[in-house]
Amino acid sequence: MFIYSSQGLIVQPAPSKDGNALANLLDKATGTVRARDAAAGIFGLAEQFQQSFKTMQQIAENEARKPGRKVLVWVGPGWPLLTERAFIETNESRQNYFHQLVALTSKLREARIAIYNVAPMSV
């Protein structure tokens, strides 16, 4: 289990099938996840992308050393789509983000990680 908060990425030292132990780990987790203000515009989107990207890279690097296939369930909004006009201002920036994602995808594939996203929607 990985927990990302304002204090960075926390990695559970060993896998567990004990639901109570996992719940206790979540209860003891400290820090917060700062909500991104829509008023931040492109700067907020860029920050969201970079933080999510860096976290996903750390997970891939950590899991690459372990044998076998892995499933990662990413709970949260993740990063903005590259199709959002406010996020991508030029073709150069679009290409830059695309190349970053290609490199990350390669790392995830080499680490044998499949990702599923669960993004809670506010009503």
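I began with Lys107, which is partly exposed because its relative accessible area is 29%, in between buried (under 20%) and exposed (over 50%), with a 1.4 Å probe and protein chains only. I kept in mind that this is a predicted model, where local features need pLDDT of at least 70, side-chain atom pairs count only at pLDDT 80 or more, and totals for chains, interfaces and linings use all residues. Residues are numbered from 1 along each chain as its sequence is written, and side-chain values use heavy atoms, leaving out hydrogens and water.

Next I asked: which side chain meets Lys107 in a salt bridge? I found Glu61, at 3.0 Å from N to O; a salt bridge needs a side-chain nitrogen of Lys or Arg within 4 Å of a carboxyl oxygen of Asp or Glu. This pair links distant parts of the chain, 46 residues apart, with Glu61 in helix α2 (residues 41–64) and Lys107 in helix α3 (residues 91–110). Helices here are DSSP runs of H or I with at least four residues, and strands are E runs of at least two, numbered from the N terminus.

I counted 2 salt bridges by this rule. Glu63 and Lys66 form one of them, also with N and O 3.0 Å apart. Glu63 is buried at 11%, while Lys66 is partly exposed at 37%.

Then I looked up Lys70, in strand β3 (residues 70–75). Lys70 is buried but has no salt bridge, and Glu63, the nearest side chain of opposite charge, is 5.1 Å away. I did see the backbone oxygen of Gly68 2.9 Å from a polar atom of the Lys70 side chain.

How values were computed
Lys and Arg count as positive and Asp and Glu as negative; His and the chain ends are not counted. A polar contact is a pair of N or O atoms within 3.5 Å; within protein, one must be able to donate a hydrogen and the other to accept it, and residues adjacent in sequence count only if both atoms are side-chain atoms.
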